[in-house]
Amino acid sequence: MRRANINAVRALLVAGVLILSSSSPGLAQDGGGLEHTKLSEAEIEAFAKSYLEVGKILYSCESRLEEARTAEEGKDIYSEALSAMLRALNDQGLSDSRYFEIFEIARADDTLLDKIVQSIEAKKR
């Protein structure tokens with residue numbers, strides 16, 4: 001079960017990062033100075049809260065996109081979702097580049113990923 005939760009978190013992280021990085025070209029190529037692999041508890045908590053909010057936004061966006069009747073309507077939904085995701089990050093004190101950086105760090109560090117998953121699961125309750 002734990003592995004399934006980690007895989008679900010990874011999948012949602014990838015979706016959120018792909019959408020967010022498309023709003024900031026160069027983030028995916030930059031690497032953003034991943035030498036700072038020590039994350040504070042506050043950053044882990046902010047990331048977990050942001051992750052949950054981004055997940056809600058992605059879920060809502062997906063269902064709204066399925067109902068979109070025109071390409072223009074789809075673009076509007078996508079734009080609204082992107083703005084909402086960026087607001088969710090900013091509300092937690094994270095920039096899109098820092099969110100992406102934390103994602104990359106967690107992807108490479110199973111111990112950190114486990115800690116993030118635990119934080120996310122605790123917030124779901």
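**Note on the predicted helical model**

1. The protein chain contains 6 helices and 0 strands, where helices (H or I, at least four residues) and strands (E, at least two) are DSSP runs numbered from the N terminus. Read from the N terminus on, the order of elements is α-α-α-α-α-α. The model is predicted, with pLDDT of at least 70 needed for local features and 80 or more for side-chain atom pairs, while totals for chains, interfaces and linings use all residues. Residues are numbered from 1 along each chain as its sequence is written, and side-chain values use heavy atoms, with hydrogens and water left out.

2. Taking contacts (heavy atoms within 4.5 Å) in the protein chain between residues at least 6 apart in sequence, 82% join residues at least 24 apart.

3. The whole structure holds 2 aromatic pairs. Rings of Phe, Tyr and Trp (its six-membered ring) pair if their centres lie within 6.5 Å; planes under 30 degrees apart count as stacked, over 60 as edge-to-face and the rest as tilted. Phe 47 and Tyr 99 form a stacked pair, at 4.6 Å centre to centre and 25° between the planes. This pair links distant parts of the chain, since Phe 47 belongs to helix H3 (residues 41-67) and Tyr 99 to helix H5 (residues 96-108), 52 residues apart. Phe 47 counts as buried because its relative accessibility is 0%; Tyr 99, at 1%, also counts as buried.

4. The rings of Phe 100 and Phe 103 have centres 6.3 Å apart and planes at 35°, so this pair is tilted. Both residues lie in helix H5, 3 residues apart, or about one turn of the helix. Phe 100 is buried at a relative accessible area of 10%, and Phe 103 is buried at 4%.

5. Helix H6 (residues 110-124) has 15 residues and spans 21 Å from its first C-alpha to its last, close to the expected 21 Å (1.5 Å times one less than the number of residues). At the start of H6, a side-chain oxygen of Asp 109 comes to within 3.0 Å of the backbone nitrogen of Thr 111. The buried residues of H6 include Leu 112, Leu 113, Ile 116 and Val 117, as well as Ser 119, Ile 120 and Glu 121.

Notes:
Buried means under 20% relative accessible area, exposed over 50%, partly exposed in between (1.4 Å probe, protein chains only). A polar contact is a pair of N or O atoms within 3.5 Å; within protein, one must be able to donate a hydrogen and the other to accept it, and residues adjacent in sequence count only if both atoms are side-chain atoms.
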